[in-house]
Amino acid sequence: MPGKSVKAAVAVVLAAVALAGCGGSPKVGTAALVGDDRITVTTLTQTVRDWRSQFRSDPAANELRANPANPAPQVAGDSESDLQGALTLLINFRVADRVARRAGVEVTGGQVDGALQALDRQGGAQSITLASGLPRAHARDLARLVATQLAVMQRYGADLNNRLNPATEQAGRQWNELFQRTAAGMHIQVNPRYGHYDPAKFEVAPIVYRLSSPDSGI
């Protein structure tokens with residue numbers, strides 16, 4: 001997954017007109033637009049509600065989330081970050097599909113099955129999905145993201161049996177660069193209530209409003 005699996009931290013200003021419709025007003029009920037694909041507020045809210053319920057009852061997911069070396073993305077535990085973390089992954093799933101097409105890679109069901117099995121060996125695909133900030137129902141989506149990265153890196157010459165191989169490291173950098181370029185070209189728009197999506201960091205992060213600065217004298 002890109003960067004820290006799929007997550008990194010950044011904060012910049014986003015204009016309040018994000019998600020504007022033809023008349024310039026925000027589309028009611030939209031959490032994010034990824035190309036022509038709409039993620040609704042209802043979908044995001046229900047996703048996080050399901051996640052919270054399942055996460056509380058899964059000790060393995062709690063342990064993975066608390067371990068800095070775990071294979072799942074790190075997401076802060078407060079409610080705002082829960083929403084941002086879930087939305088990040090829902091967006092990145094869609095970006096990864098576009099990345100595969102741009103790289104000329106077809107991710108098969110068998111490859112997804114293989115990634116799912118690999119996640120099971122690392123701590124359980126469903127628990128890793130919960131530790132990532134999504135409910136168990138998205139385990140296969142997470143596995144598809146992993147399979148997509150591996151397939152694209154192989155296209156770039158990676159030796160997946162040797163992660164320290166310079167060719168593998170270079171392929172990882174190429175994956176990151178292609179993911180960034182693809183995300184930037186998709187004009188991803190996020191409802192300002194959740195933050196903004198930065199394609200350079202693969203993440204939905206909070207908006208920072210700069211009302212004054214020490215140099216401005218305000």
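# Strands, helices and salt bridges

Colleague: How many bridges join strand S1 to S3?
Modeller: This is a predicted model. Strand S1 covers residues 30-34. S1 and S3 run antiparallel. The number of bridges that join them is two.

Colleague: In S3, which residue is the bridge partner of Leu33?
Modeller: Look across from Leu33 into S3. The bridge partner there is Gln189.

Colleague: What angle does the direction of helix H1 make with that of S2?
Modeller: Helix H1 covers residues 41-56 and packs on the sheet. H1 touches both S1 and S2. Its direction and that of S2 make an angle of about 55°.

Colleague: In what order do the three strands of the open sheet lie?
Modeller: Strands of a sheet pair through backbone hydrogen bonds, either parallel or antiparallel. In this open sheet the pairing is antiparallel. The order is S2-S1-S3.

Colleague: Which are the edge strands?
Modeller: An edge strand here pairs on one side only. That holds for the strand at 37-40 and the strand at 189-190. They are S2 and S3.

Colleague: How many helices and strands does the protein have?
Modeller: From the N terminus, the elements run β-β-α-α-α-α-α-α-α-β-β-β. The total comes to seven helices and five strands.

Colleague: Around what arc do the buried residues of H2 lie?
Modeller: Helix H2 covers residues 59-66, and its buried residues are Ala61, Leu64 and Arg65. They sit on the same side of H2, because the arc they cover around the axis is only 100°.

Colleague: Which exposed residues does the face of H2 turned away from its buried side carry?
Modeller: An α-helix has 3.6 residues a turn, so residues three or four places apart point the same way. On H2, the face turned away from the buried side has its own set of exposed residues. They are Pro59, Glu63 and Ala66.

Colleague: At the start of H2, to within what distance of the backbone nitrogen of Ala60 does Asp58 reach?
Modeller: Asp58 reaches with a side-chain oxygen. The distance to the backbone nitrogen of Ala60 is within 3.1 Å.

Colleague: How many residues apart are Arg94 and Asp37?
Modeller: Their side chains meet in a salt bridge at 2.6 Å, N to O. Arg94 is in helix H3 (residues 79-103) and Asp37 in strand S2, so distant parts of the chain are linked. Arg94 counts as partly exposed because its relative accessibility is 26%. The separation of the pair is 57 residues.

Colleague: Which helices hold Arg52 and Asp82?
Modeller: The two side chains form a salt bridge at 3.2 Å, N to O. The pair ties together parts 30 residues apart in sequence, because Arg52 and Asp82 lie, in that order, in H1 and H3.

Colleague: Is Asp82 buried or exposed?
Modeller: Buried means under 20% relative accessible area. Asp82 has 6%, so it is buried.

Colleague: Which residues are linked with Arg65 in a network of salt bridges?
Modeller: Arg65 is among the buried residues of H2. Its network of salt bridges takes in Arg52 and Asp82.

Colleague: Which helix holds Arg144?
Modeller: Arg144 meets Asp97 in a salt bridge at 3.3 Å, N to O. Asp97 is in H3, 47 residues apart from its partner. Arg144 is in H6.

Colleague: How many salt bridges are found in the whole structure?
Modeller: Side chains of opposite charge can pair when their charged atoms come close. A search of the whole structure gives a count of six.

How values were computed: Residues numbered from 1 in each chain as written. Predicted model: local features only at pLDDT ≥ 70, side-chain atom pairs only at ≥ 80, totals over all residues. Heavy atoms only, no water. Buried < 20%, exposed > 50% of the residue type's maximum accessible area, 1.4 Å probe, protein only. Helix = DSSP H or I, 4+ residues; strand = E, 2+ residues; numbered from the N terminus. Arc of directions from axis to C-beta. Polar contact = N/O pair within 3.5 Å; in protein donor to acceptor, adjacent residues only side chain to side chain. Pairing = 2+ DSSP bridges. Contact = heavy atoms within 4.5 Å. Axes fitted to C-alpha atoms, helices over the stretch in contact; angles between N-to-C directions. Salt bridge = Lys/Arg side-chain N within 4 Å of Asp/Glu carboxyl O.
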